[in-house]
Amino acid sequence: MNKLTLHIGNKNYSSWSMRPWLVLRKSELPFSENLIQLDVPGFKDKLLALTDAGTVPVLQIGDDMLPDSLAISDWLAQAVPNLWPKDLNDKERARALCKQMQTDFGDFREHAPMNLRRRTRTEMPKSCLAAAAKMDAIFSDLLNEHDDPFLFGDWCIADAFATPYATRFVSYGIPRSNKADTYISELMGDEDYLDWEADAMVEVWKLPDTDMVYGGRP
Ligand SMILES: N[C@@H](CCC(=O)N[C@@H](CS)C(=O)NCC(=O)O)C(=O)O
């Protein structure tokens, strides 16, 4: 197989980067990573030098560049078995949920930006809480249906996509059901997630605008 390099953003803040990084870890394929600091002078030129999308994550496969967290995950699932559920109906549902997590829940993403170092218990806007409650209901239904511990029984790409949302519930003290809380703890206790988080904790580069939302300190 061609050499794999995952181009990613800052680990404390880049939720899109975390998803395929977790999928790559679960795939057990060897890969290296290249971290590009976002929102510093010249960062966009670096992203546009990778692909026209101008975003991270980007998976470099030999000399080919593949942007987009879901496209990267699909590529990895073709290379390695069992990253999607075995049941074909569940596979379609898991993929649709990933797509929904990419495009929906905008109020959750906007008001509770991923910030792994952050812990607060402030009152969040109603629209954010409503989007989080909707996600909680989807998670709880799937966990009940598949008898835990993951959304479709065994760990799959949908759980990688859920992990940055799990961290938002915890960072901003967003209310959740016991079912969702147990699942969030499972995701945030995952050994690969903990490796990513450990790197995020020691990053010195900061985004003051993100750190200061809801009374945080820069
Ligand atoms: N749909 C894309 C979204 C990627 C994305 O928006 N990435 C952010 C970082 S988390 C980015 O590159 N932002 C830089 C910019 O938009 O200038 C995916 O799933 O990979």
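Which helix is Asp-159 found in? Select residues 157-171: this is helix 7, and Asp-159 is part of it. Helices here are DSSP runs of H or I with at least four residues, numbered from the N terminus.

The model is predicted, so local features need pLDDT of at least 70 and side-chain atom pairs count only at pLDDT 80 or more, while totals for chains, interfaces and linings use all residues. Residues are numbered from 1 along each chain as its sequence is written, and side-chain values use heavy atoms, with hydrogens and water left out.

Stay on Asp-159, which is buried (under 20% relative accessible area, 1.4 Å probe, protein chains only). Asp-159 has no salt bridge (a side-chain nitrogen of Lys or Arg within 4 Å of a carboxyl oxygen of Asp or Glu). Show Lys-26 as well: it is the nearest side chain of opposite charge, 9.4 Å away. Residues that Asp-159 touches (heavy atoms within 4.5 Å) include Phe-150, Tyr-183 and Leu-187, not counting residues up to four places away in sequence.

Next, select residues 69-79 and 88-103, helix 3 and helix 4. Their axes, lines fitted to C-alpha atoms over the stretch in contact, come within 10 Å and cross at roughly 155°. That makes helix 3 roughly antiparallel to helix 4 (an angle over 145 degrees, on a scale from 0 to 180 between N-to-C directions). To see where they meet, show Ser-69, Leu-70 and Asp-74 in helix 3 with Arg-95, Cys-98, Lys-99 and Gln-102 in helix 4.

Last, go to Asp-104, in the loop between helix 4 and helix 5. Leaving aside neighbours within four places in sequence, Asp-104 is in contact with Arg-109, Lys-134 and Tyr-165.

How values were computed
Helix = DSSP H or I, 4+ residues; strand = E, 2+ residues; numbered from the N terminus. Buried < 20%, exposed > 50% of the residue type's maximum accessible area, 1.4 Å probe, protein only. Lys, Arg positive; Asp, Glu negative; His and termini not counted. Parallel < 35°, antiparallel > 145°, perpendicular 65-115°, else oblique.
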